[in-house]
Protein chains: 2
Amino acid sequence: MAHNEDKNTKGWVGYRPEIKVIDCTIRDGGLMNDHNFETGLVHQVFKTLVESGIDYMEVGYKADKKIFSSDKFGKWKFSEEDDIKKMIGENEAGIKISVMADAERTDYKAIPNKSESAIDIYRVATYIHQIPTAVEMIKDFTAKGYETSVNLMAVSTVREDEIDAAMEVFAETPVETIYVVDSFGSMYCEQIQNLVRKYRKYADPAGKQIGIHAHNNQQLAYSNTITAIVEGANFLDATLDGMGRGAGNCPLELLVGFLHNPKYHIRPILECLKDHIYPIKEQLNWGYKVPYMITGQLNQHPRTAISFLKQEDSSDIVKFYDSVIQEDS
Amino acid sequence: MAHNEDKNTKGWVGYRPEIKVIDCTIRDGGLMNDHNFETGLVHQVFKTLVESGIDYMEVGYKADKKIFSSDKFGKWKFSEEDDIKKMIGENEAGIKISVMADAERTDYKAIPNKSESAIDIYRVATYIHQIPTAVEMIKDFTAKGYETSVNLMAVSTVREDEIDAAMEVFAETPVETIYVVDSFGSMYCEQIQNLVRKYRKYADPAGKQIGIHAHNNQQLAYSNTITAIVEGANFLDATLDGMGRGAGNCPLELLVGFLHNPKYHIRPILECLKDHIYPIKEQLNWGYKVPYMITGQLNQHPRTAISFLKQEDSSDIVKFYDSVIQEDS
């Protein structure tokens, strides 16, 4: 298969060693419970990822406490150094710790140097109009010794020429990885293909990698991740059972089954699903459902579907469809 | 998008008029309840498909009563003319009725001429070693006035040169459509792409169409259907909520959202999901689950996963994984 057609491998029986897997279970899953995970559960996920050979674990956001109340949000909204260190415990395994930093919602200047931190990479999330802030953040994190990546959010609503302009700007920053992000789970394989190719036009000459972060509104998160791999993306986001906002993400267990790098192991992932993830699924309620399909098909933010599914009676999908379709435009 | 790049359409805002959608809800779903659907439910599905503009409805198998007992199996295992006519009722809508006929399990010689039948198309399912029988069936059905298609089953376990030989044989029959079938839900987009291209090499010169029937073991049924569309497949199998054996099929509601032909309507489909399909889901228990993922990843028939999931305690996915992995080969 194309994803393994490197010179040093033999078709699909080989693998592409450059590929890195980033588990976002706790970060993206936290959007379903305001980041209120017990430290014990987060540690179990950490342990699982170490045992399965996953390259990065994203634990949460670095939200500004002046903007977000720690009464409402759990500790993984803020990802304080002490909480991360306590969660990791004695484990000296080589997995890298990732934190997401939203442009305009992160007090990034207060963040210490890498030498004083348990965090390895800051992943900067930015809408198109926030790019100047994102660039400042990338520079600041880099100067402090962190690895960085950048997510251009809601790209399915951005004009082509503006995407090009954004890529030109990112190419000039020290950011290591530029992510194709399907925020609304609205994209088909050809759109993923086109975006990875476009991003690579700017990223390749600048020596940067491409990442993929997909949502499962149309049951395409895994397949869009494969498409991105085939097109050369090397940084792959996934979560246990696809846990994440709304329809969720690319399931880690499917992705690890696809990659043939012997450093990845699926059995610890299955154990964690059984013992720790399935038991919280009913409460957090992520995963593919028709209301998410509808917002995905319409290229809309899933917020209407999320709020519909939180209602007492969320079974009337026709009512939801009518409400979305009959909105004035 | 490529699936709409015909000369007479305008990119993805157009559609490909040659495309036909075949709903297999009752036929493939029947594999989860031995085809014991109430006629009332089957009629509701029929009504829904008529209202949504779906082209074909597959109601069941034409199994030989000398081989299969009607004590054990419901009427949609046998799809008798009287049962079909009673189910359709007064409705004179133009939807075509399809029945699947397994090679070596169908008393095809006893089937009447099309002029005496409510059935429009016989879809012949054959394993590679049954092809001579399948060819006889295709010829017989054609002579009697029926449309035909052929499914080469379990193709993921067949050698390349044997697939070529099968296609050469099919190209010489009067069959109208040759299906790419991912029986085990084990295929990735590149394998679907390769198979559609290979099948078309034989089908195109013979004036035959390509169909796609996908299974959802790896959450790829819908995306593999899209890949097949992009490669030129025009006969698309789908089912309500993906209802079907094991992990199920390509969900009709997703597929209709992707196709832009204004003759298809999604709202009646959503109504049927809510009123008739979701209420039987817990009992029939189709849909993506990790044991199906495991058999799909290993390119195995899902029967071990189906029997595991029928057990009292089917939550120990690690035990299932171990049992499949530790089998002697």
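**The core around Val180(A)**

The largest nonpolar core has 196 residues, and Val180(A), Leu255(A), Val180(B) and Leu255(B) touch the most other members. Such a core is a set of buried Ala, Val, Leu, Ile, Met, Phe, Trp, Tyr and Cys residues joined through C-beta atoms within 7 Å. Buried means 20 or more other C-beta atoms within 10 Å of the residue's own, with C-beta atoms placed from the backbone.

This is a predicted model: local features need pLDDT of at least 70, side-chain atom pairs count only at pLDDT 80 or more, and totals for chains, interfaces and linings use all residues. Residues are numbered from 1 along each chain as its sequence is written, while chains are lettered from A and ligands numbered from 1 in the order in which they are written.

Take Val180(A). Leaving out residues up to four places away in sequence, Val180(A) touches Ile192(A), Leu195(A), Val196(A), Tyr199(A), Ile210(A), Gly211(A), Ile212(A), Ala228(A) and Ala233(A). Touching means C-beta atoms, placed from the backbone, within 7 Å.

Strand β6 (residues 177-181) of chain A runs parallel to strand β7 (residues 209-213) of chain A, with 5 bridges between them. Ile178(A) has Ile210(A) as its bridge partner in β7(A). Strands are DSSP runs of E, at least two residues; helices are runs of H or I, at least four; both are numbered from the N terminus. Pairing takes at least two DSSP bridges.

Now helix α7 (residues 221-230) of chain A. 10 of its 10 residues are buried, so the helix is largely enclosed by the rest of the structure. Ala228(A) is one of them. Just after α7(A), Gly232(A) has a positive phi of about 110°.

Note on methods. Buried ≥ 20, exposed ≤ 12 C-beta atoms within 10 Å, placed from the backbone. Contact = placed C-beta atoms within 7 Å.
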